[in-house]
Structure formats: C-alpha cells, structure tokens
Amino acid sequence: GLGHAVWCARRLIGNEPFAVILPDDVIAADKPCLKQMVEAYQETGGNMVAAMEVPAEKASSYGMLDVLEDMGSIVSVKGMVEKPAKGTSPSNLAVIGRYILSPQVLKNLNKMKAGAGGEIQLTDAIAQEIGGKEGVYGMRFRGQRFDCGSKAGFLQATVAFGLAREELRDDLRTFLHEIISAEKAAE
C-alpha cells in the first residue's frame, strides 16, 4: 500500500516534515495545491492532507475525514477511515493525493500493521497522530482535481488542460466539435 511506499523513503526523508504527492491525482489550480497547503501548514503546523467533498456513493473509494472543527478551508480532524463501507463514512470530505506529514508518521509506519485491503495504509499512520501534539488537518484546496488513475479521468484532464492553453484551444475545440457532430449525425 501507499504506507509501505512512503516508509521505503524514510532514509531520504530523515527527521523533517515532508510532502507526498500522488501522481494519479492531477490538480489544475491558479495556485498549485501543494503551495496552498504549505501556506496553510505555516498557520497550523501538524499533519495536513488535501481534501475535497465527494458524493456519498463514492466515499468507499477514499480515505474519509471525521471533522472535529470546520474552520472554512481548513478542518481539524478527529478521525480518518480508509475506504469505509458504503453508508458508514463520517463525512463527505475525502483525502486527495497531497500530504504534508511529520516524521512521526514514519515511526508509525515502522509498526507495519496491515489495514484496509490487507495493505499498509498511510491513512492509518496519519490517523495515529490525531489528538497528538501536532494534530491532523484537512485543507479544502482551490482547484479542479482529475483522477488520472482512471482512463476517463486521464482523458478529461488532457482535454481540460488542452482547452486551457491558448495555442491549443481553437484546434482542440474544432476537433471536439467535429467528433460530437459526427456522433450525433450517426445516431
């Protein structure tokens, strides 16, 4: 699991706070998500995860936050559940692939306890820090997230980033319009 992958980097990380960026979560934002998090981290310290609201039927695909206090873009966390069973999620606030973590999380990972799916879960190691001196916070980032771990999400990201680029926008719009027109004509 992700926890084991992060644990493997422990010698490189040392005893400093560190960031984890999951490449299948692509975020389009005026200010990069991790920069938003670093700014929020400077106010809160502790452990911080990027968070976004998801529909209840999708909660079982994510690590979900149990919120102690909602302060707007930042929430204080009282619990985390990795991939909760349908209908059991403590909120609709999901952890998205950006983290700023204390080195204590690596010590928690040293215990190598299997979690959801029989894997070493990073969420479980972070959850052990809830209620500790540094705490755990979620940050609702500003931007659009694309799940590039799926083929559809990858295609959506490609089109969105293409349309955002001035030198590609017109040709891409023309192409998309032609495909949609041809599909409608075939129906």
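Reader: In this predicted model, how are α6 and α7 oriented to each other: roughly parallel, roughly antiparallel, roughly perpendicular or oblique?

Author: Helix α6 covers residues 151-164 and helix α7 covers residues 166-186, and their axes are 6 Å apart. The angle at which they pack is about 125 degrees. Roughly perpendicular ends at 115 degrees and roughly antiparallel starts over 145. The orientation of α6 and α7 is therefore oblique.

Reader: Which residues of α6 meet α7?

Author: On the α7 side, the contact is made by E166, L168, R169, L172, R173 and L176. The residues of this contact divide into six nonpolar, one polar and three charged. On the α6 side, the residues are V159, G162, L163 and A164.

Reader: How many aromatic pairs does a search of the whole structure find, and is the pair of F146 and F161 stacked, edge-to-face or tilted?

Author: The search finds one aromatic pair. The ring centres of F146 and F161 lie 6.0 Å apart, and their planes are at 55 degrees. Stacked needs under 30 degrees and edge-to-face over 60.

Reader: Which element gives the largest share of the lining of the largest pocket?

Author: The largest pocket has a volume of about 450 Å³ and is lined by 20 residues. At least two lining residues each come from β6 (93-101), α5 (122-127) and β8 (144-147). The largest share is four residues, and the element that supplies it is β6.

Reader: How do the residues of that lining divide, and which lie nearest the centre of the pocket?

Author: The lining of the largest pocket has seven nonpolar, six polar and seven charged residues. Those nearest the centre are L22, S61, E82, K83 and Y99.

Reader: What lines the second largest pocket, and which elements give two or more residues to its lining?

Author: The second largest pocket holds about 170 Å³ of space. Its lining is made of M52, E53, V54, P55, K58, S61, Y62, R145 and D147, which divide into four nonpolar, one polar and four charged. The elements that give two or more of the lining residues are β3 (47-53) and β8.

Note on methods
Residues are numbered from 1 along each chain as its sequence is written. This is a predicted model: local features need pLDDT of at least 70, side-chain atom pairs count only at pLDDT 80 or more; totals for chains, interfaces and linings use all residues. Side-chain values use heavy atoms; hydrogens and water are left out. On a 1 Å grid over the protein atoms alone, a cavity is a set of points where a 1.4 Å probe fits but cannot get out, and a pocket is an open set with protein on both sides within 12 Å along at least five of seven lines; lining residues have an atom within 4 Å of a point. Grid points are joined across faces, edges and corners, and a volume is the space filled by probe spheres set on the points. Ala, Val, Leu, Ile, Met, Phe, Trp, Tyr, Cys and Pro count as nonpolar, Asp, Glu, Lys and Arg as charged, and the others, Gly among them, as polar. Axes are lines fitted to C-alpha atoms, for helices over the stretch in contact, and angles run from 0 to 180 degrees between N-to-C directions. Angles under 35 degrees count as roughly parallel, over 145 as roughly antiparallel, 65 to 115 as roughly perpendicular and the rest as oblique. Contact means heavy atoms within 4.5 Å. Rings of Phe, Tyr and Trp (its six-membered ring) pair if their centres lie within 6.5 Å; planes under 30 degrees apart count as stacked, over 60 as edge-to-face and the rest as tilted.
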